[in-house]
Amino acid sequence: MSFLDIKDVRIAGIATALPKTVVRNADLLAAEGKKKEEIDGFIDQVGIIERRESQRLTATDLGCEAGEKLIADLGWEKSSIDAIIMVTISPDYTLPVNACILQDRLGLSRECYAQDLCMACSGWVYGLSVIASLVSSGNAHRALLFTGDARIHWGTGNDDLLFGHAISVTAVEFAEGADGFKFHFGTDGSGYDAVIMPKSGMRNISYEEDYERKFSDLRNQCSKEGIMKGMDVFAFSITQVPKSFKALENKFGLKREDFDYVVLHQANMAINQRVVRKLGIDPAKAPTSLAYYGNTEASSIPATITSQLKGKIEQGKKKLLCCGFGTGLSWGTVALTTDNIVISDTIEVEENRFDDIKWV
């Protein structure tokens with residue numbers, strides 16, 4: 001099942017919430033004693049000037065803010081939302097899933113379908129296929145797809161300078177006669193350890209000392225957190241992403257030059273520039289949010305849409321070709337057409353926004 005063609009469904013709107021706290025990579029590198037030429041070289045290569053990070057806001061905190069904003073902007077009655085799915089690798093708890101928490105925090109119906117998916121870089125495309133499958137039948141008329149992460153840190157070294165926190169929400173609704181979404185998916189599990197949290201599950205049990213960390217130091221690694229084999233991910237990305245585009249085009253008779261924008265997962269600038277060149281895409285058609293958001297994992301595609309395409313795609317119809325790729329190793333490419341889509345203003349959330357809530 002490499003391909004899916006899901007009709008009678010559309011994206012109604014997208015919103016993104018970010019922590020208000022800005023972390024500049026140049027400041028972090030300078031604090032480690034790096035010389036100016038080293039700092040400039042790193043930033044030029046990865047394309048990330050600054051990122052958003054939080055020590056207190058969780059995925060449901062940011063998701064709640066994004067969800068409330070988008071629901072209001074769409075003018076949807078909360079009782080009309082039949083399903084929510086959250087794609088994240090940083091749940092508030094292992095159990096219960098974040099989608100259940102968001103159902104309550106957003107005041108949605110108790111008849112609401114709620115599910116989490118544990119995916120990262122390809123997560124928006126995979127999540128979109130799942131929620132679109134629910135909606136296209138007409139049984140779920142409206143649904144919300146939450147994607148992204150917060151309060152998560154990667155390993156020491158350059159990896160920890162790549163990732164930013166963000167949660168996006170994509171509103172999907174039944175639309176009889178709509179073209180819907182065309183997907184291509186793939187998986188190469190032999191590269192499972194290319195991006196991994198080695199002590200996050202039952203294979204390697206975590207102990208108390210694994211969690212020791214000075215929380216004021218964003219670069220101090222805890223062994224429960226993620227590590228990445230950068231060159232393996234680079235080689236995989238520049239090889240597999242163009243193949244996925246070609247497979248989708250051949251299957252459905254598409255031409256990439258007919259699309260208004262091509263939105264890639266925001267891995268790093270070196271990867272994305274190489275992919276754009278391989279695809280022969282006009283760079284002006286490939287927006288990027290890397291410079292000020294970094295790699296926001298499952299939020300990177302919708303966060304790029306909200307930050308870079310607001311004011312460009314809301315009116316009329318626009319064709320988008322989007323590809324998420326990474327952890328798994330997995331990839332997913334989707335062709336879709338927006339039709340008078342709502343793009344909410346980006347929400348910046350204060351660090352202490354939810355300090356008054358009592359949690360278990």
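Is F183 buried or exposed? In this predicted model, F183 has a relative accessibility of 0% and therefore counts as buried. F181 is likewise classed as buried, because its relative accessibility is 1%. The ring centres of F181 and F183 are 6.1 Å apart and the planes meet at 75°, so this pair is edge-to-face. F183 also pairs with F185; here the centres are 5.3 Å apart and the planes lie at 15°, so the arrangement is stacked. F185 is buried, as is F183. Together with Y126, the residues F181, F183 and F185 make up one aromatic cluster. The count of aromatic pairs in the structure is five.

Two rings carry a charged side chain over the face. R105 is placed over F354, at 4.7 Å from the ring centre. K182 is placed over the face of F252, at 5.9 Å from the ring centre.

Y126, a member of the aromatic cluster, is also one of the buried residues of helix α5. This helix runs over residues 123-136 and comprises 14 residues. From its first C-alpha to its last, α5 reaches 19 Å, close to the 20 Å expected at 1.5 Å a residue. The helix is mostly covered, with ten of its 14 residues buried. The buried positions are G123, W124, V125, Y126, G127, L128, S129, I131, A132 and V135. Just after α5, G138 adopts a positive phi of about 90°.

S122 counts as buried because its relative accessibility is 1%. With neighbours within four places in sequence set aside, the contacts of S122 are G324, F325, S330, W331 and G332.

A cis peptide bond occurs between G328 and L329, with omega about -10°. L329 is situated in the loop between β13 (317-326) and β14 (330-339). Another cis peptide bond joins L95 to P96, with omega about 0°. P96 is part of the loop between β5 (83-87) and α4 (98-105).

Positive phi values also occur in residues other than glycine. In D8, phi is near 60°. D8 is located in the loop between β1 (3-6) and β2 (9-19), and its relative accessible area of 24% makes it partly exposed. E297 has a positive phi of about 55° and is not a glycine. The loop that holds E297 lies between α8 (290-293) and α9. E297 is buried, because its relative accessibility is 2%.

Helix α9 covers residues 300-308 and is mostly covered, seven of its nine residues being buried. These buried residues are S300, I301, P302, A303, T304, I305 and T306.

G230 is part of helix α6, which spans residues 230-252. The relative accessibility of G230 is 37%, so the residue counts as partly exposed.

No disulfide is present in the structure. C64 takes part in none, and the nearest cysteine sulfur to it, that of C112, is 14 Å away. A disulfide requires the two sulfur atoms to be within 2.5 Å. C64 counts as buried because its relative accessibility is 7%. C118 is also in no disulfide; its nearest cysteine sulfur belongs to C121 and is 12 Å away. C118 has a relative accessible area of 66% and is therefore exposed.

Confidence in the model is summarised by pLDDT. The protein chain has an average pLDDT of 89, and 92% of the residues score at least 70. Over residues 213-223, pLDDT stays under 50. For these residues the model has 30 contacts beyond four places in sequence.

Conventions:
Residues are numbered from 1 along each chain as its sequence is written. This is a predicted model: local features need pLDDT of at least 70, side-chain atom pairs count only at pLDDT 80 or more; totals for chains, interfaces and linings use all residues. Side-chain values use heavy atoms; hydrogens and water are left out. Buried means under 20% relative accessible area, exposed over 50%, partly exposed in between (1.4 Å probe, protein chains only). Helices (H or I, at least four residues) and strands (E, at least two) are DSSP runs, numbered from the N terminus. The expected span of a helix is 1.5 Å times one less than its number of residues. pLDDT is the predictor's confidence in each residue, from 0 to 100. Contact means heavy atoms within 4.5 Å. Rings of Phe, Tyr and Trp (its six-membered ring) pair if their centres lie within 6.5 Å; planes under 30 degrees apart count as stacked, over 60 as edge-to-face and the rest as tilted. A charge sits over a ring if NZ of Lys or CZ of Arg is within 6 Å of the ring centre and within 35 degrees of the ring normal.
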